Amino acid sequence: MTASITPVPLNETERLNALKRYNILDTLPDQVFDDATALVSYICGVPIAYISFIDENRQWFKSKVGFDISEIPREITFSRYTIMDSKIVEIPDTLLSERFKDDPNVTGGHKIRFYVGMPITTPDGYVIGVLCAVDHEPRELNENQRNALTIVARHVINTLELGNKNNELSQQKNIADRAVAAKENFLANMSHEIRTPLNAVIGFTELLAATSLDKQQLDFVKDVKIAGENLLLIVNDILDLSKIESGSLTLEQRPFELKKVLKHVYDLLKVKVRDGVDFNLYLDAELPEIISGDPGRLNQILVNLAGNALKFTMEGEVTISVKKTAETDDSYQIRFLVKDTGIGISQKHLNTIFGRFTQAEQSTTRKFGGTGLGLSIVKQLVQLHDSNIHVKSLEGSGSEFYFTVSYKKAVLETDHPETKMVNNLGRLNILLCEDNYLNQKLAQNVIEGFGFKIDIAENGNQGIELLSRNEYDLVLMDLQMPIRDGYQTTQYIRREMKKSIPIIAMTAHSMAGEQNRCLDAGMNGYIPKPFKQYELLETIKSVLKKRI
């Protein structure tokens with residue numbers, strides 16, 4: 001038989017597709033394959049061994065011992081016959097083989113007298129390559145050597161399969177990384193878009209509270225201010241990706257007036273009460289006045305629960321009941337219950353209502369609105385209190401949500417003075433880089449209220465222009481601006497203008513790590529929006545003090 005005849009497997013197209021699946025051809029040397037080849041040479045006691053793969057036109061050597069060529073034409077290889085079968089091909093003496101006795105590599109060339117080829121077969125049955133041992137002398141393998149070659153060939157295909165799996169995992173990881181980056185980018189933008197108007201609401205409310213108001217107006221302003229701050233707390237919890245993903249939300253521990261918090265929840269929600277619905281707050285006579293804990297989180301839990309109850313109750317009543325159930329030397333056990341006579345929850349949905357983005361029925365969203373996040377947040381916050389929330393409900397007859405929390409005993413300072421802003425910095429000249437009109441107006445009122453002078457730039461380029469013409473004591477830098485953002489502007493000021501002027505990031509970006517990123521970019525301070533006036537003043541003092 002002449003060397004020009006090249007047999008082709010019946011499944012050649014599928015075999016070649018299987019080979020391409022591994023992306024092994026023309027790859028760099030790999031120690032794993034080199035070790036396998038060396039092992040074959042040792043097991044068989046031969047000077048030549050190799051691992052090769054066969055495509056349409058060639059036999060390509062991934063690893064070899066005893067010769068130094070990378071490929072040969074398929075039509076002159078011994079292995080063109082080996083890939084026709086899935087069994088080992090062994091030729092003890094090529095000169096005694098009708099097929100190979102006249103082959104140029106037997107009569108000359110490599111002078112092959114012994115050949116054994118073990119097909120490298122994919123899990124789905126395609127022979128894509130050959131594991132070979134070759135000698136210049138006739139020989140015959142024993143059963144142990146043949147078994148060892150089978151194991152090595154299996155190791156080769158397993159290595160290829162593992163490489164494929166790793167590549168797939170890497171691709172999936174890249175997809176997941178891109179998804180996480182997209183989610184973080186979305187949350188960062190959402191944080192900015194929500195917190196920017198919220199900064200104006202809270203800031204102007206703070207300014208309004210400092211004007212001449214009658215008692216009723218002042219009460220309304222205080223309620224708006226507290227509601228805005230509670231909204232900010234919720235926004236922070238939802239948008240702070242690292243906290244939500246890692247479960248690292250933490251509870252504040254400070255003395256607070258329990259009845260005052262409960263009364264605020266009631267006052268805040270009573271404006272939502274429908275005609276025909278009674279909204280009641282029942283407080284146990286033995287309820288302590290002062291406890292230590294996190295009033296903001298408690299407010300958040302009860303506003304969610306009672307707000308839901310009011311939303312789903314068309315007639316009847318909604319009741320918040322709070323009772324002391326136990327007391328020790330240093331703590332109180334307090335039970336909170338929110339009960340309503342609303343639409344209720346079917347038994348089949350009771351176990352799923354605390355899931356994220358879940359409501360009992362799809363029609364609930366259409367009829368009543370909502371995101372389905374409220375009860376998920378409630379469950380998480382209650383668990384932070386080392387407790388669990390429970391629910392009893394009957395469809396059409398209302399619901400009860402209740403939980404018990406242990407609070408430490410505490411004493412509230414009766415004459416705790418309000419934070420007062422004292423400007424001992426003189427008349428500073430400040431540059432504000434901010435693109436939002438309401439925030440410009442708010443900052444201008446606050447800064448001028450401090451007794452400082454302020455210039456406003458709507459983007460980074462305008463800020464750079466003003467900074468090149470005027471002398472300023474400080475720059476307040478928004479991060480997200482058109483044309484040139486806060487990071488780019490800061491880098492230009494530091495690198496190109498060589499100015500060391502203090503720069504404070506005053507931004508609605510409030511994602512984890514943002515403060516460190518600002519400092520790494522060359523800024524000297526950071527204050528998130530919405531900001532309180534005294535916090536801004538203290539940050540300005542702190543930054544300027546570091547320069548002295």
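Asp478 lies in the loop that separates strand S16 (474-477) from helix H14 (486-496); helices (H or I, at least four residues) and strands (E, at least two) are DSSP runs, numbered from the N terminus. The model is predicted: local features need pLDDT of at least 70, side-chain atom pairs count only at pLDDT 80 or more, and totals for chains, interfaces and linings use all residues. Residues are numbered from 1 along each chain as its sequence is written, and side-chain values use heavy atoms, with hydrogens and water left out.

An unreviewed UniProt entry annotates Asp478 as "modified residue: 4-aspartylphosphate". UniProt positions are given in the numbering used here, feature names are shortened, and annotations may be inferred rather than shown by experiment. The relative accessible area of Asp478 is 1%, so the residue is classed as buried (under 20% relative accessible area; exposed is over 50% and partly exposed in between, with a 1.4 Å probe and protein chains only).

Strand S2 (residues 58-65) is mostly covered, with 6 of its 8 residues buried. S2 pairs with strand S1 (residues 48-54) in the antiparallel sense over 6 bridges, where pairing requires that DSSP finds at least two bridges between the two strands. Within this pair, Ala49 has Val65 of S2 as its bridge partner, and a hairpin of 3 residues joins S1 to S2.

Strand S3 (residues 71-73) also pairs with S2 in the antiparallel sense, over 3 bridges. Here Arg58 has Pro73 of S3 as its bridge partner. The hairpin formed by S2 and S3 has 5 residues between the strands, and Gly66 in the turn has a positive phi of about 100°.
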